[in-house]
Every structure is written in structure tokens, then in C-alpha cells.
Amino acid sequence: AALVYAAVTSSAIGAGVTDKEIVLGTHLDLSGPVAAGMPSLRNGMQMRLDEANDAGGVNGRKFRMVVEDNGSQPQMAVRAIDKLLRKDEVFAIVNAFGSATNAAVVKRAVDEGTIYFAPWGASSIIRKTAGDSQLLFTTTPNYDTIMNTGVSWMIDSFKPKKVGYIYQEGPLGALMGEGVKKALTAKGMTYAAEAGYKAGDIDFSSQVARMKAADVDLIVIATVTRETIGIMAEVKKLGWNNVKVITGNPGRTGIVLQLGKDAVEGLYGVGTWKLFTPTSGPDNVKKWFADYKKKYTNEPDENALLSYAYTDMFVKAVQGAGKDLTADKVVKYLQTNNFEHPIFYEKQTFKGNHQGPEFVEVDQIKGGAWTSLTKPMQ
């Protein structure tokens, strides 16, 4: 296995790297259901790379980022990754978006000896698809474990009699569902109702109607941006005031709050990082938000800050790898160092190439702002 790994990484030496440049790639949903949130990811990443470039680069090399559209569709992601690997010959894929899209292409990338860093998606499924490659580093918390913790807290706190589950079909819904079922089983409960939807759907009236018909008092939703808002809007349209709705990590975001406004008031969310805003947090975070607003047109949120933080990890690893830049040197640095950023609850390390420790917090939108209901839990 060691010989195979050495052969793979050795073949990557020089890919995307010249004396003056390091080419990175990513694929984001620029045209699909999560497109509204992509400027945050793209700009947060570019902001950190620009800082490195403005300081003269890393070991004499400057970063260049190539961005492709995956539309939240696996087949589009395949075309994007083929271009990034074959035409652009990128050194690494960084901050690529989507559970199904990343799962569809990660094996192609690591088989080419390309580092795959911080995919935004279901980490355990992406790791399994990649064959637990040493070139893959996952940062998104495990959806099953955090949903188990979050839903267990909701059940203990509010004592719901019937629980329903609305989920995106595919890796996101499957993995979150594992955590929800574990929480229910521990309490001697089962789903009172289930309803799936496909990525890209915009009408959620039938799914919410199924929950209403089952008379559930807690709805767990495996959703991203548009779907979170759509489901909450349907709940509000029915005047259904005695039901609680909780979303997972991808729906507990500032962009949901910005776009959803009154429709998402009262929504609960499970997440694993601090929800800073331009007016909250320590002074260095406030300054970061102010600098972002000067540089870009979209409103900064915690996703932009998180994308920046992940990119900062990668930049530091490239710097730590030294002048003779190879994939295996970056891998070794990531595996043997820890990383700090205000958005994380404590220092982060990569155990088994997965970022941790994972803390879980439950929040609720109150008065137009995400408000913490718990202390960080493990």
C-alpha cells in the first residue's frame, strides 16, 4: 500500500506547479439550487489566496484558482473535474461543493494523484467513495453524528410525540437520516412520516402536507439553502404554529437568514462552527467582515469566513511543504499539524484525514438572528 501511495503522489510532482505559479481548482453550484450561496464560498477562498499573492506568494509562487460549475448535478461535476484535471492540470481541488457532486468525482481526482481538500458535503460518503485515500482531507462534520446529537437534544428538550423527516434524496438525506434514526431509536420512537425531494425541486407543498396529515410536532429537514426556505415558507403558509422544524448543518447558515427573512423565523439549526456576523465576534473577525465588504459586492456570512479558514489551512500546508512542492509533502504537513481560527471552537487536527474535534451546537432564528440555545456539545 505504501508503494502504491508513493507511486501515486510521485506522479503528481509538478502537476499544476511551476516556478512562479500554483494552480488550484474547484467546482461549485453556480447555476443550480444553491447558487445564491456560492459567492460566499468563492470569495472567501479567493480572499485568502489574494492575501498570499499580495504578500509575494508562497515560496516564490503565486496561486491561481480555476472555478467550474457543477450545478449540483453529478454529471456536470464529472465534466468539471475532467477539465480541471486534464486541461488545467491543477495541483489540488479545494472547497468543492455538494455531497453528490463530490462523491461523483473524488475518486477520479485522487486516482490522478491530486489532493482533494475540504469538500463541502457528506464527509463519510465522500471518504468511502475515495477509498479512504490519503490525498482526501474532509472538513465538513459527519452529518450522522451531529444530527444524532442535535435531534436527541430536541427530543429531550421539547418531548415531541411524532417526528417527521423531509430529506434531499442522495448522500445528504441518507447520512443525516442515519443520525436522526439513531436518535429516535434511543428514545423508542420511529418516523411518523417521511418525504423525499430531488435536488433542484422548488415546490415542497406535498412534503409539508404529508407531515401535517401525520400530525407531527417536530420536522427534521435534510436541506440546503433554497429547500430550507421553501419548507419553512410552506409551514408558515399553512399557519402551522405548533410544529418545530430543525435543519442540519447546510441549512444553518446566514444566507438562509438573509434570503428567507420572516419565512424562516423560528427555525432551529444544528451546526459545528460559530455563527459570526459583521457585527458580532472578536475584533479580528469584525475587521475581516469589513475587509470582505470592501472587496466584494455580496453580503459576507459565516460560509465566506469558513471558506477562508479552510483555504488558510491549505495555504499554510503549501508553505510548510517548502520550495520543493509535492503532494506528499502537503499531505504530511496536514496530517501532523494543528490549525486555529476564531470560527472553530478549539484547535483543529486531521485524524484519519478528517477534521476534528466536532462540537455540536443547536441554534434558533429569533428576531431575525441565529441565537445559540446550547453550549457546544460532543
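Start by selecting α4 (99-111), the helix that gives the most to the lining of the largest pocket, with 3 residues. Helices here are DSSP runs of H or I with at least four residues, strands are E runs of at least two, and both are numbered from the N terminus. Before going on, note that this is a predicted model, where local features need pLDDT of at least 70 and side-chain atom pairs count only at pLDDT 80 or more, while totals for chains, interfaces and linings use all residues. Residues are numbered from 1 along each chain as its sequence is written, and side-chain values use heavy atoms, leaving out hydrogens and water.

**The largest pocket**

To centre your view, pick Val34, Phe97, Gly98, Ser99 and Val224, the closest to the pocket centre among its 32 lining residues. The space inside is about 470 Å³. Colour the lining by class and you will find 16 nonpolar, 14 polar and 2 charged residues. In this scheme Ala, Val, Leu, Ile, Met, Phe, Trp, Tyr, Cys and Pro are nonpolar, Asp, Glu, Lys and Arg are charged, and the others, Gly among them, are polar.

A word on terms: on a 1 Å grid over the protein atoms alone, a pocket is an open set of points with protein on both sides within 12 Å along at least five of seven lines, a cavity is a set where a 1.4 Å probe fits but cannot get out, and lining residues have an atom within 4 Å of a point. Points are joined across faces, edges and corners, and a volume is the space filled by probe spheres set on them.

**From α4 to α3**

Next, show α3 (residues 74-86) beside α4: their axes come within 8 Å and cross at roughly 35°. Axes are lines fitted to C-alpha atoms, for helices over the stretch in contact, with angles from 0 to 180 degrees between N-to-C directions. On the α3 side, select Pro74, Ala77, Val78, Ile81, Asp82 and Leu85; they meet Ala100, Thr101, Ala104, Val105, Arg108 and Ala109 of α4. Contact means heavy atoms within 4.5 Å. By class, this contact has 9 nonpolar, 1 polar and 2 charged residues.

Now bring up α2 (residues 38-54) with α12 (residues 302-321), whose axes come within 7 Å and cross at roughly 40°. The two are therefore oblique to each other. Their contact divides into 8 nonpolar, 5 polar and 3 charged residues.

Then move to α6 (residues 143-158), which packs against α7 at about 40° with the axes 7 Å apart. Among the α6 residues in this contact are Tyr143, Met147 and Ile155.

The largest cavity has a volume of about 100 Å³, and its lining includes Trp273, Tyr310, Phe344 and Pro357. Its lining counts 7 nonpolar, 4 polar and 1 charged residues.

Zoom in on Pro357, in the loop between β12 (354-356) and β13 (361-366). A cis peptide bond joins Gly356 to Pro357, with omega about 5°.

Finish at Asp215, in the loop between α8 (205-213) and β8 (218-222). Asp215 has a positive phi, near 60°, in a residue other than glycine.

Definitions and conventions
Parallel < 35°, antiparallel > 145°, perpendicular 65-115°, else oblique.
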